[in-house]
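Look through the sequence and the structure, then read the points grouped by topic.

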Protein chains: 2
Amino acid sequence: MATGRGRPRDTQIDAAVLQATAEALDHHGYRGVVIEDVARRAGVSKTAVYRRWPNRHRLTLAVLAERVGRIEAPSTGCTLCDLHECLTLITHAFRRLGAGTLAQLIAEGDDDPAVQQHLTQAVLDPPRRAVHRTLFEARRRGDLRSDVDLPLTVDALSSLVFYRLLLGADPMDPHEIEAVVIAQLRGIATDADTLLREATEHEEHHPH
Amino acid sequence: MATGRGRPRDTQIDAAVLQATAEALDHHGYRGVVIEDVARRAGVSKTAVYRRWPNRHRLTLAVLAERVGRIEAPSTGCTLCDLHECLTLITHAFRRLGAGTLAQLIAEGDDDPAVQQHLTQAVLDPPRRAVHRTLFEARRRGDLRSDVDLPLTVDALSSLVFYRLLLGADPMDPHEIEAVVIAQLRGIATDADTLLREATEHEEHHPH
DNA sequence: ATGAATACGAAACGGAGCGTAGCGTAAAGG
DNA sequence: CCTTTACGCTACGCTCCGTTTCGTATTCAT
């Protein structure tokens, strides 16, 4: 890899395989990612796939990481708005991913710590960090009590999104997200009422 | 089935297979439930297994339903205590179940609504109902605001348990459960401070 | 008693899909 | 030119699901 000895890899193959994998993922979920089919649709041999990714788990993660990894924590200064936006972003990103796919990836990591770590790093940490950052900023502004357990609150907020995706009938809708964020804020804010008022004003400046 | 024509089924086989399945589940998780192995350890033919359960998914659910289905909603009259107890029960029941197993079952139901429904009914609904009942009692006592979205609050509380089990490093510990319940109560209670005080008194009567 | 229906065990099978290996060819560098 | 690596093709071994076949056993109905 370091030295350029031998025939260089065809970078178009990487792209084609990732493309085909993404399509299979969207159409049939994780179990639709069948290496032989992916290779054929990419116009590539199975060998070429396995030369780049050690197994279909890692291949799939390579696609998902790009989709989910780009969640940015919003920062408007309005705590309620930021949290709402944050959870909305996560909901959208993971809704496209699909419940079965995520569940399958989790299951596969059950007995292999390395697999589990890759999943966590590539797919689960990014949204967590976004929520954490949002809460951190809020606390820095003095919006949150000082005794709030930040990691636990991160879990409390993001867990709902995953739960509804994995186990619920429907993913979260905007109204539900708002209700949860408000209830949560009442539990951890120094002055929840003021935050709610600020959010209402903010809404008037950025309608819909 | 209605008429007793033909040789009756050996009820010991049912028991032996369920037993063997439970052991496999505890030792190696869902993927350890290999029909051929289960049958052998139960001293039974594979045919006998498939005559009773249509596939390993249903066989596994038959075991889990008995374990998880017996979660009873506590009812001491102390809202905080009841919720704490409720979440603790769920955490214990599902910790034994194992993250990989649950994830695998969810994944398998992805493209088959019937499978998904069986899982929901046998494993996921019981804990949900326990939380719901606990919250319902609390609202009936007037401990909760009247505008509280009960189903959503049920999700908010139980989601955390599942999230930590499926995606987190460790399941919830008692201290974390308490912190979450308190924060949540501040968001939905009519008078959170009084509830907390009651819980403290209750604790003195039922120490440890 | 005899026959139909059902259960049981043993064994073999078909199928899906993962990941690997062997072989011949192609492209790069020393 | 020789070594190294990439590529495609094909075949293979492996695991495990769920099915089928066949001979035997057990029960009820007539």
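**A buried arginine in chain A**

Arg164(A) is buried, as its relative accessible area is 10%. The model is a predicted one.

**Arg164(A) and its surroundings**

- Arg164(A) belongs to helix α8 of chain A, which covers residues 150-167.
- The side chain of Arg164(A) forms a polar contact with the side chain of Asp155(B), at 3.2 Å.
- Neighbours within four places in sequence aside, Arg164(A) is in contact with Asp170(A), Pro171(A), Met172(A) and Glu176(A), and also with Leu152(B) and Asp155(B).

**Chain A as a whole**

- Chain A has ten helices and zero strands.
- Read from the N terminus, the order of its elements is α-α-α-α-α-α-α-α-α-α.
- The C-alpha trace of chain A spans about 65 × 40 × 40 Å along its principal axes.
- Chain A has 208 residues, and 49% of them count as buried.
- Among contacts in chain A with a separation of 6 or more, 68% are between residues 24 or more positions apart.

**The nonpolar core**

- In soluble globular proteins, nonpolar side chains tend to be buried together.
- In this model the largest nonpolar core has 143 residues.
- Which residues have the most contacts inside this core? They are Phe94(A), Val123(A), Phe94(B) and Val123(B).
- Residues up to four places away in sequence not counted, Val123(B) touches Leu61(B), Leu64(B), Val68(B), Phe94(B) and Leu97(B).

**Two packed helices in chain B**

- Two packed helices are described by the angle between their axes and the distance between the axes.
- In chain B, helix α1 (residues 11-28) packs with helix α4 (residues 56-68) at an angle of about 85 degrees, and their axes are 10 Å apart.
- The angle therefore makes α1(B) roughly perpendicular to α4(B), since 65 to 115 degrees counts as roughly perpendicular.
- On the α1(B) side, the residues that meet α4(B) are Val17(B), Leu18(B), Thr21(B), Ala22(B), Leu25(B) and Asp26(B).
- On the α4(B) side, they are Leu59(B), Thr60(B), Ala62(B), Val63(B), Leu64(B) and Arg67(B).
- The residues of this contact between α1(B) and α4(B) comprise eight nonpolar, two polar and two charged.

**Thr134(B) and Cys86(B)**

- Thr134(B) sits in helix α7 of chain B, residues 113-140, and is buried at 3% relative accessibility.
- Apart from residues up to four places away in sequence, Thr134(B) touches Ala73(B), Pro74(B), Asp82(B), Leu83(B) and Cys86(B).
- Cys86(B) is part of helix α5 of chain B, residues 79-97.
- Is Cys86(B) buried or exposed? Cys86(B) is buried, because its relative accessible area is 0% and buried means under 20%.
- With neighbours within four places in sequence left aside, Cys86(B) is in contact with Pro74(B), Ala130(B), Val131(B) and Thr134(B).
- Cys86(B) and Arg141(B) are separated by 55 residues in sequence and by 18 Å in space, C-alpha to C-alpha.

**Ala199(B)**

- Ala199(B) is located in helix α10 of chain B, residues 192-205, and counts as buried at 10% relative accessibility.
- Ala199(B) touches Cys78(B), Leu80(B) and Cys81(B), residues up to four places away in sequence not counted.
- From C-alpha to C-alpha, Ala199(B) and Gly77(B) are 9.8 Å apart in space, while 122 residues apart in sequence.

Note on methods. Residues are numbered from 1 along each chain as its sequence is written. Chains are lettered from A and ligands numbered from 1 in the order in which they are written. This is a predicted model: local features need pLDDT of at least 70, side-chain atom pairs count only at pLDDT 80 or more; totals for chains, interfaces and linings use all residues. Side-chain values use heavy atoms; hydrogens and water are left out. A nonpolar core is a set of buried Ala, Val, Leu, Ile, Met, Phe, Trp, Tyr and Cys residues joined through side-chain atoms within 4.5 Å. Buried means under 20% relative accessible area, exposed over 50%, partly exposed in between (1.4 Å probe, protein chains only). Contact means heavy atoms within 4.5 Å. Axes are lines fitted to C-alpha atoms, for helices over the stretch in contact, and angles run from 0 to 180 degrees between N-to-C directions. Helices (H or I, at least four residues) and strands (E, at least two) are DSSP runs, numbered from the N terminus. Angles under 35 degrees count as roughly parallel, over 145 as roughly antiparallel, 65 to 115 as roughly perpendicular and the rest as oblique. Ala, Val, Leu, Ile, Met, Phe, Trp, Tyr, Cys and Pro count as nonpolar, Asp, Glu, Lys and Arg as charged, and the others, Gly among them, as polar. A polar contact is a pair of N or O atoms within 3.5 Å; within protein, one must be able to donate a hydrogen and the other to accept it, and residues adjacent in sequence count only if both atoms are side-chain atoms.
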